[in-house]
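Welcome, and please open the structure in your viewer. We will go from one selection to the next.

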Amino acid sequence: MKKTLLSLAAAAAVMSFGTMAAEAKVKACFIYVGPIGDFGWSYQHHQGALEAQKQLGEDNVELAYLESVPEGADAERALERFARSGCNIIFTTSFGYMDATNKVAGKFPDVKFEHATGYKREHPNVSTYNSKFHEGRYVQGVIAAKMSKAGVAGYIASFPIPEVVLGINAFMLGAQSVNPDFKLKVVWANTWFDPGKEADAAKALIDQGADIITQHTDSTAAMQVAAERGVKAFGQASDMIKFGPDTQLTSIVDNWGPYYAKRIKAVMDGNWEQSDVWGGMADGHVVMAPYTNMPDDVKKAAEDTQAKITGGFSPFTGPINKQDGTEWLKAGEVADNGVLLGLNFYVKGVDDKLPQ
Amino acid sequence: MRIELSKRPQHSTLFSVLSPFIALALTLVAGAIMFSLLGKNPGEALYFYFIDPLREVWSLHELAVKAAPLILIAVGLSICYLSNNWNIGAEGQFIAGAVLGSFIPVVFPGFQNWTVLPLMLIMGMAGGAAYAAVPAYLKVRFNTNEILTSLMLVYVAQLFNDWLVRGIWRNPEGMSFPGTAPFHEYAVLPAIWPDAGRAHWGIVFALVAAVVAWFMLSKTLRGFEVKVLGQSPRAGRFAGFSSSRMVFFAFIVSGALAGLAGICEVSGAVGHLNEKLSIGYGFTAIIVAFLGRLNPLGIVAAGIILALTYLGGEAAQISIGVSDKVVRAFQGMLLFFVLACDTLIHYRIRLVSALPRSKTAEA
């Protein structure tokens, strides 16, 4: 009993000392929807957090994180606990935290909140940020059209939300820039992470004649199936070359570190301001893994496309028709971000009916 | 040599009462060992786990938010389990209640007055009850195994809800993201003390349900019927009790309470219906029901303890950096020790040697 009391007292002492020491530092807190070991979405966010801390110095930045936080009623509690535990800036790294982020931000005006992939900024201390992953998918489309012998690629999609539809369209447009008759088949896996389902989807697509596989789901299963069946594939979220050394053409790597470092630095310097950032290749948010398993001319085409996008080209530059053949963008017209962020239709050539 | 469980002729009343506490103590000891193995100071870890979340008012409110659905569902399950009906599908009934309860604010958003909330709660209960009546009917009519049917219906409910909120019920202003529009003010279950924290009326419903169920089980003929049919269906038949009617009664009450928990969660804690609703309350409530020894009042305490493990898990993760998996490990240990203690109250362990008796005696 005595011992317990002692350790309780010790714990209390550690705690109060902890808060005192923290005053000099900026405390940056991260809330993740998945486990940090998923090698996909949450993993990359955590890597970004660690990179930001390394860049700004461990003496200046203290990190705290909560992983696998459900996106319902629990998120609000987790955020409030963060805000009360002395966090100066809180990154909420999944779309489903949107309402909870805004609610808690209203209660704690001195804490800065950064919500990934959302669109609500109801208080001056809430910013939103996202990355233009579709820029990378356009490059992948170019590579796919050059590499495919059958002229057919298979796309494993997660859920019919705008970002996923945007990615499918960008891939299609990239492929069409090389081969106007290129075909894209889509399978909706209805999951972000389910290796079994993703593998089945990859098999089904290959059986339907696709010889290039790409995915908007997080596991490495499709890459492994593609390797077994001898077709090429693109990785997702992180560099998956380990899982398909002779298979991966490239991978879109989510690179959050520079943004996190910039925002935490702004809090340190006292000049943090509300913003809505949608960073792409030019900002270093979207990084392509090395171009591998392809001839030099394809690699050259990929690098040229990447340079073009970094130089300011938008994959959604007209003329572009919708799937039903009606005109969407006139020649030279560029889709504005608002339309892209709510995109709910396919461009011409996608061989699938969008689930509504 | 082998180990045998033999039934005790009588079991100790004292230990029956003490067993949940012994189980809790053993869990704490095992938890302390686990933290030491993880290289953390066990005293500090247990402090953050079980004391820190109780120190502040807002956190107590959060405890109530988390405990309310667990208690509501577990009280219903206790009636099922006491009457020997193994309803494993409370998660599905929870979702069915949430979906049907959301019907009015989603389909008729213009219908706004004070009757909306009571109607939502009633429809939530009706949804859960109707969904639970399916395995009950299958059991009575076709003698199917209710463990399987009720469990499988969970997946049906999850996918149906998913389909709704991505499709016809999706918020038209939600940028094509899944989820209904936020409920209007008449459809939101209010907080009890909005200035102090988030606890909504769900916790009050949970406490009332627990007291009513306790009264029913211990003081009324209906409660006697539940227990008799649960322990000996044959004796129940001699007493003139209908076991088919009991199957329906238990499932419908249990389903209604799970449905109420579902609509309270949607209307009180979240504010709209989305696809992230199902996070396993219906399954965790099974632990709560057994930890509370299938006694509704015990379930109140058990629900609070289980809710505390979630809150404590977060506090410990933030302050000393232990993994969120520790929460699961804690809940698993708790259930294991509860069941082990119960087993040892009813049975004793004997080591039976394969050798002849005389030789064992000599050894």
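**Stop one: a helix in chain B**

Select α4(B) and you will find Ala90(B), Glu91(B), Gly92(B), Gln93(B), Phe94(B), Ile95(B), Ala96(B), Gly97(B), Ala98(B), Val99(B), Leu100(B) and Gly101(B), which are buried (20 or more other C-beta atoms, placed from the backbone, lie within 10 Å of a residue's own). Helices here are DSSP runs of H or I with at least four residues, strands are E runs with at least two, and both are numbered from the N terminus. This is a predicted model, in which local features need pLDDT of at least 70, side-chain atom pairs count only at pLDDT 80 or more, and totals for chains, interfaces and linings use all residues. Residues are numbered from 1 along each chain as its sequence is written, while chains are lettered from A and ligands numbered from 1 in the order in which they are written.

Because 12 of the 12 residues of α4(B) are buried, the helix is largely enclosed by the rest of the structure.

**Stop two: where the chains meet**

Show both chains: the contact takes 30 residues from chain A and 23 residues from chain B (C-beta atoms, placed from the backbone, within 7 Å). On the chain A side, select α1 (2-22), β2 (61-66) and α3 (73-84), the elements that give two or more residues.

**Stop three: two domains of chain A**

Colour domain 1 (24-131) and domain 2 (133-253 + 285-351) of chain A, with bounds from an automatic or database domain assignment. Their centres, taken over C-alpha atoms, are 29 Å apart. Eight residues of domain 1 of chain A are in contact with 10 of domain 2 of chain A. Finish on helix α2 (residues 41-56) of chain A, which gives the most to the domain 1 side, with three residues.

Key. Two residues are in contact if their C-beta atoms, placed from the backbone, lie within 7 Å.
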